[in-house]
Amino acid sequence: MTYDIETRSGLPEDMQLLLRTLPRDGWHRHPHLADSTRNWMRAHQGFRQLGQIVLEDTESFLDGQTEDQAYAGRLAHFGNLLVRNLHGHHTWEDRKFFPELEGADPRFADGLEMLESDHVALDDLLDRFTRAANRTVQLATLDPRQMGEEARPVRDMAETLGGFLNRHLTDEEDLVVPILLHHRLRE
């Protein structure tokens, strides 16, 4: 199995040591599942939802069901929330959270490094998404007739971003939550 976000289909086998003894379906009942961990996973769910909103809004606009100004307003609002919050979240993870986890259990350093590599790839995708979304929003004022052409790449990137987030966030939770539970961190 590969560590690359573009080709991996799940958390690599060698990183599932704790996941095998602390499977996902038992996390919500585990006595060491802290509120901070629940909040962290809720943030992940929020990112998935924001990505879905951007995708559905763009599809609605491209299908002619949403007017250009309404779409531009929603894209500016929800796109900004998604990008800004993702950047803040993974910057905190890379600088504070992952070093804490690696200190608690160095066996998973490669997995945490894999997740940091995902964040680098995510930054690139978010940068391309931001440029395309900004062009689309600007066209709402400058030349609304061209918005459809510019919104297609936004739609494609939103779909790519949704798949990326699903793979990354699932793998991240599958690696991190068992470490937190096993070592009784953040209680």
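Predicted model: local features only at pLDDT ≥ 70, side-chain atom pairs only at ≥ 80, totals over all residues.
Visitor: What box do the C-alpha atoms of the chain fill?

Guide: Taken along the principal axes, the box is roughly 55 × 30 × 25 Å. Burial can be read next: of the 187 residues in the chain, 47% are buried.

Visitor: How many residues separate R167 and L11 in sequence, and what is the C-alpha to C-alpha separation in space?

Guide: In sequence R167 and L11 are 156 residues apart, while their C-alpha atoms are 8.8 Å apart in space.

Visitor: Now the helix pairs. At what angle do α2 and α3 pack?

Guide: For a pair of helices, read the angle together with the spacing of the axes. Helix α2 covers residues 35-62 and helix α3 residues 68-104. They pack at about 155°, and their axes are 10 Å apart. Angles over 145 degrees count as roughly antiparallel, so α2 and α3 are roughly antiparallel to each other. Their crossing is left-handed. The contact of α2 with α3 involves 15 nonpolar, six polar and four charged residues.

Visitor: And what is the angle between α3 and α4?

Guide: Helices α3 and α4 pack at about 160°, with a distance of 10 Å between their axes. That makes α3 roughly antiparallel to α4. The crossing of this pair, α3 and α4, is left-handed. By class, the residues in the contact of α3 with α4 are 17 nonpolar, eight polar and six charged.

Visitor: How is empty space found in a model?

Guide: A probe the size of a water molecule is rolled over the atoms, and this shows where empty space is left. In this structure there is one cavity of 30 Å³ or more. The largest cavity holds about 40 Å³ of space.

Visitor: Which residues line the largest cavity?

Guide: The lining consists of F47, L86, H89, H90, E93, H119, L122, L165, H168, L169 and E172. The elements giving two or more residues to this lining are α3, α4 (109-142) and α5 (147-182). Sorted by class, the lining of the largest cavity has five nonpolar, four polar and two charged residues.

Visitor: Which element gives the most to the lining of the largest pocket?

Guide: Helix α2 gives the most, with five residues.

Visitor: What classes of residue are found in the lining of the largest pocket?

Guide: The lining of the largest pocket has five charged, two polar and two nonpolar residues.

Conventions. Residues numbered from 1 in each chain as written. Heavy atoms only, no water. Axes fitted to C-alpha atoms, helices over the stretch in contact; angles between N-to-C directions. Helix = DSSP H or I, 4+ residues; strand = E, 2+ residues; numbered from the N terminus. Parallel < 35°, antiparallel > 145°, perpendicular 65-115°, else oblique. Left-handed = near helix turned anticlockwise from the far one by under 90°. Nonpolar A, V, L, I, M, F, W, Y, C, P; charged D, E, K, R; others polar. Buried < 20%, exposed > 50% of the residue type's maximum accessible area, 1.4 Å probe, protein only. 1 Å grid on protein atoms, 1.4 Å probe; cavity = no way out; pocket = protein on both sides within 12 Å on 5 of 7 lines; lining within 4 Å. Points joined across faces, edges and corners; volume = space filled by probe spheres on them.
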